[in-house]
Amino acid sequence: MNANQFFKAVSQLQGWRECAFLLSLAERSFPNYALFAETMGLKSGAKMRQLLDLAWDMLQKEVQEAAIPQLLAKLESLAPNVDEYDAYGVYPAFDFCQLLEQALLNRLNPAKHRATEAAQLATSTVMNFIELSEGEELSEDELVRLLDQHPLMKEDKMFQRDLVLSLKRQRAPTEVYIAELIEDAANGGVSNLGISLDS
């Protein structure tokens, strides 16, 4: 599946599939938030985990629309303000919050397509991280090559591609299937930046 086919497939995701796609991207980047919160001594990691779990629950349960603005408000209160921190970690943490926000907004307004932008956001989190950690002295061409061949980029691409294919094949959001999605996305607690709370 080349980039064009991938984005075409993503643009066709609708309903629960689109929401599951958004949640899976958020799940994969959750350790970026949790690690940032822990490093900064914030007590918000567990609360954010709860919020993400509630969002996953919504895939299988009928949700009262009134509940979603409350969850969005909660998310806003837990999201870091990027201007208030001098640490790079605030950016991937904030990107995670944006992904979760898109998943919640998807439940509020399923007609608005969000998956394509979210896919690009998740990938740009990885690109920015590689650029910052390994691309400092590189020319533009070298940077393009680095990004093209970097294991984190390849992994991100494969994860998103496999996710879309899996969602397209699945007929309904069964409990077993959603549990598998969560486990795949959680990746043993290792985020899209290759970091985990244990490292």
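## Basis

This is a predicted model, in which local features need pLDDT of at least 70, side-chain atom pairs count only at pLDDT 80 or more, and totals for chains, interfaces and linings use all residues. Residues are numbered from 1 along each chain as its sequence is written, and side-chain values use heavy atoms, with hydrogens and water left out.

## Helices α2 and α5

Helix α2 spans residues 15-39. Its axis and that of α5 come within 8 Å and cross at roughly 155°. Axes here are lines fitted to C-alpha atoms, for helices over the stretch in contact, and angles run from 0 to 180 degrees between N-to-C directions. Helices are DSSP runs (H or I, at least four residues), numbered from the N terminus.

The two helices, α2 and α5, are therefore roughly antiparallel. The α2 and α5 crossing is left-handed. That term applies if the near helix is turned anticlockwise from the far one by less than a right angle; clockwise is right-handed. By class, the contact of α2 with α5 has 17 nonpolar, 5 polar and 2 charged residues. Nonpolar covers Ala, Val, Leu, Ile, Met, Phe, Trp, Tyr, Cys and Pro; charged covers Asp, Glu, Lys and Arg; the others, Gly among them, are polar.

## Cys 19 in α2

Cys 19 lies in helix α2. At 1% relative accessibility, Cys 19 is buried. Buried means under 20% relative accessible area, exposed over 50%, and partly exposed in between (1.4 Å probe, protein chains only).

Cys 19 and Asn 106 sit 87 residues apart in sequence, yet their C-alpha atoms are 6.2 Å apart. Beyond four places in sequence, Cys 19 touches Leu 59, Ala 103, Asn 106 and Arg 107. Contact means heavy atoms within 4.5 Å.

## Helices α5 and α6

Helix α5 covers residues 90-108 and helix α6 covers 115-134. Their axes come within 10 Å and cross at roughly 165°. That makes α5 roughly antiparallel to α6. The crossing of α5 and α6 is left-handed.

On the α5 side, Pro 92, Asp 95, Gln 98 and Leu 99 take part. They meet Ala 118, Leu 121, Ala 122 and Thr 125 of α6. By class, this contact has 5 nonpolar, 2 polar and 1 charged residues.

Thr 125 belongs to helix α6. Thr 125 is buried, at 3% relative accessibility. A polar contact of 2.7 Å joins its side chain to that of Asp 95. Such a contact is a pair of N or O atoms within 3.5 Å; within protein, one must be able to donate a hydrogen and the other to accept it, and residues adjacent in sequence count only if both atoms are side-chain atoms. Outside four places in sequence, the contacts of Thr 125 include Asn 32, Tyr 88 and Leu 193.

Ala 122 is also in α6. Ala 122 is buried, with a relative accessible area of 2%. Ser 29 is 93 residues away from Ala 122 in sequence but 7.9 Å away, C-alpha to C-alpha. Among the contacts of Ala 122 beyond four places are Leu 25, Leu 99 and Asp 156.

## Asn 187

Most residues other than glycine have a negative phi. Asn 187 is not a glycine, but its phi is positive, about 55°. Asn 187 is in the segment after α9 (175-186). Asn 187 is partly exposed, with a relative accessible area of 26%.

Terms used. Angles under 35 degrees count as roughly parallel, over 145 as roughly antiparallel, 65 to 115 as roughly perpendicular and the rest as oblique.
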